[in-house]
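Hello,

Here is the structure I promised to pass on. Please open it and keep it beside you while you read my notes below.

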Amino acid sequence: MLLVSDDSPLVVGPARLHLTFALDLPGALLLGVAALLWIMAGAYASPYLQGRPNRGRFAVCWLTALTGCIGVFLAADMVGFYLFLAMLTLGACGLIIQHETADAWRAGALYIGLGLLAETLLLIAFVLLAADIPGNGLLIGDAAAALPTSPHRDLIISLLIAGFGMKAGLVPFHVWMPRAYAAAPAPAAAVLSGAAVKASILGMIRFLPLDTALPHAGTLLAAAGLFAALYGVVIGMTQRRPKVVLAYSSVSQMGFIVAVIGMGMIAGDGRAALAAIFYSANHVLVKGALFLSVGVIAATGRRYLLPILVPVAIIAVGLGGLPLTGGALAKIVVDGPLGDGAANTVATLSAVGTTLLMLQFVRGLVTTASTDYEATAAPSLFWPWLSTAVASLIVPWALFLAVPEGMLPNPLAPELLWKALFPVLLGAILAAVLWRWVRLPHIPEGDIVVVLDRCVKIAPAWGRTIEQAEGTLRQWHVAGISLLALTVALGAALLAQ
């Protein structure tokens with residue numbers, strides 16, 4: 001943990017090759033909640049992996065990912081940011097392939113492939129930014145300040161959005177999320193979905209010039225985010241496994257956060273950054289607690305299931321904006337940047353869909369309970385989960401109440417309570433209708449990537465067919481007849497004119 005009381009940066013290393021660390025407000029908020037999740041998930045991971053193979057490798061990958069995650073939140077220069085982002089990617093890949101199943105290897109390959117592509121795009125953007133910074137500095141703040149007047153502004157912004165968008169799981173680059181979170185052990189999935197993926201959000205906030213109105217880029221980013229917010233819900237409703245449902249929920253939630261940033265870019269409203277960070281901080285703890293609950297429920301029998309299932313359901317539906325939860329506070333905070341237009345309407349639809357999706361998660365979670373009626377989760381699993389769950393309810397309130405009075409509306413006002421409750425009620429009604437009368441199709445995990453996999457599998461067959469056709473056409477009599485037919489056809493076309 002790094003504490004700098006006078007807000008001055010900390011420079012580590014020699015003058016010509018050093019890293020700069022600083023703690024700004026967005027970084028501090030994410031660092032605090034992410035550190036809490038990493039601690040609780042680490043305490044959970046030790047007993048969870050007891051007696052399983054490759055525990056040593058898991059510990060190394062865990063520490064690598066942890067170092068990368070914390071480093072990204074603290075990095076103040078582009079070299080350090082890129083270095084720690086790469087560490088986070090490598091460590092996360094090791095966590096994903098921990099079980100060494102075919103699905104785990106496939107998920108790891110998909111994650112590292114898209115991760116390296118994203119980092120390549122970001123590296124190009126960073127090099128272009130470095131050329132535009134006056135002097136020899138490589139500070140992120142200087143890069144963001146130079147971006148609006150850069151001759152390569154549009155190219156750099158496109159590279160940043162594409163790179164961080166892949167890391168955030170924007171559609172169609174979301175395909176790594178359901179595969180990775182389903183393959184990773186529960187504590188690893190908790191920190192990856194809760195904390196690690198927020199590096200992309202912090203990257204957008206730090207590098208994109210949110211104080212300068214960029215309507216075209218902002219509209220593109222907001223549209224991509226809102227599409228992902230709805231897409232994640234629609235595909236997630238067709239899933240059955242709890243961890244996969246949570247993964248598609250992350251696609252939706254990350255898309256919503258990106259949309260908030262995009263709306264801030266449209267108006268040149270820097271306050272959208274803090275709104276997006278507040279929403280992200282709530283998501284860190286909620287999603288972490290939900291992933292940890294998967295292991296707790298799996299170890300709990302029906303007799304003791306309800307006392308655990310009730311708080312899980314409250315936290316889960318809280319993502320949709322259930323009044324008095326952190327999700328409701330987060331939606332109040334982002335309401336300003338979203339405005340009163342189409343984006344706000346889509347946000348309401350997203351809240352309805354999120355409620356629907358989270359109820360689907362709870363429904364699937366019940367089916368994973370232990371077959372032993374009297375079974376109870378070990379205290380070493382139960383208490384880290386419960387601590388994270390309680391934090392997900394308390395920390396958002398602590399952050400909200402720290403905002404000076406008058407800057408945000410009263411969350412207990414009747415009109416705001418109803419505004420938060422209405423989408424939740426509608427989502428619950430839709431869930432009941434769908435479960436009772438509608439049979440949803442099952443879309444394979446990873447959706448788009450499944451289609452690509454099938455194309456890859458049939459490619460050799462098509463290749464052999466084309467090769468055989470080429471061999472036939474290259475025979476002299478076939479080639480001669482084909483050329484004669486083509487000549488006649490061209491001659492007929494000329495005569496027809």
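Helix 8 crosses helix 12, and the crossing is right-handed. Keep in mind that this is a predicted model.

Two values describe a pair of packed helices: the angle between their axes and the distance between the axes. For helix 8 (residues 186-196) and helix 12 (residues 271-298), the angle is about 165° and the axes are 8 Å apart. Angles over 145 degrees count as roughly antiparallel. Helix 8 and helix 12 are therefore roughly antiparallel to each other.

Which residues meet? On the side of helix 8, look for Ala186, Pro187, Ala189, Ala190, Ser193, Gly194 and Ala195. Their partners in helix 12 are His283, Val284, Lys287, Gly288, Phe291 and Leu292. By class, this contact has 8 nonpolar, 4 polar and 1 charged residues.

Rolling a probe the size of a water molecule over the atoms shows where empty space is left.

The largest pocket holds about 540 Å³ of space. Its lining has 17 residues, and Leu274, Val333, Val403, Met407 and Leu408 are the closest to the centre. Helix 1 (25-48), helix 12 and helix 14 (326-338) each give at least two residues to this lining. The classes are 14 nonpolar, 1 polar and 2 charged.

The second largest pocket has about 400 Å³. Here 24 residues form the lining, and the closest to the centre are Lys331, Ile332, Asp335, Lys419 and Ala420. Two or more residues each come from helix 14, helix 15 (342-366) and helix 17 (414-437). Which helix gives the most to this lining? That is helix 14, with 7 residues. In the lining of the second largest pocket, 17 residues are nonpolar, 4 are polar and 3 are charged.

**Two spots in the backbone**

First, go to the loop between helix 6 (153-168) and helix 7 (176-183), where Pro172 is found. The peptide bond that joins Val171 and Pro172 is cis, with omega of about 10°.

Next, go to the loop between helix 1 and helix 2 (55-74), where you will find Asn54. Asn54 has a phi near 65°. That is a positive value in a residue other than glycine.

Best wishes

Key: Residues numbered from 1 in each chain as written. Predicted model: local features only at pLDDT ≥ 70, side-chain atom pairs only at ≥ 80, totals over all residues. Heavy atoms only, no water. Axes fitted to C-alpha atoms, helices over the stretch in contact; angles between N-to-C directions. Helix = DSSP H or I, 4+ residues; strand = E, 2+ residues; numbered from the N terminus. Parallel < 35°, antiparallel > 145°, perpendicular 65-115°, else oblique. Left-handed = near helix turned anticlockwise from the far one by under 90°. Contact = heavy atoms within 4.5 Å. Nonpolar A, V, L, I, M, F, W, Y, C, P; charged D, E, K, R; others polar. 1 Å grid on protein atoms, 1.4 Å probe; cavity = no way out; pocket = protein on both sides within 12 Å on 5 of 7 lines; lining within 4 Å. Points joined across faces, edges and corners; volume = space filled by probe spheres on them.
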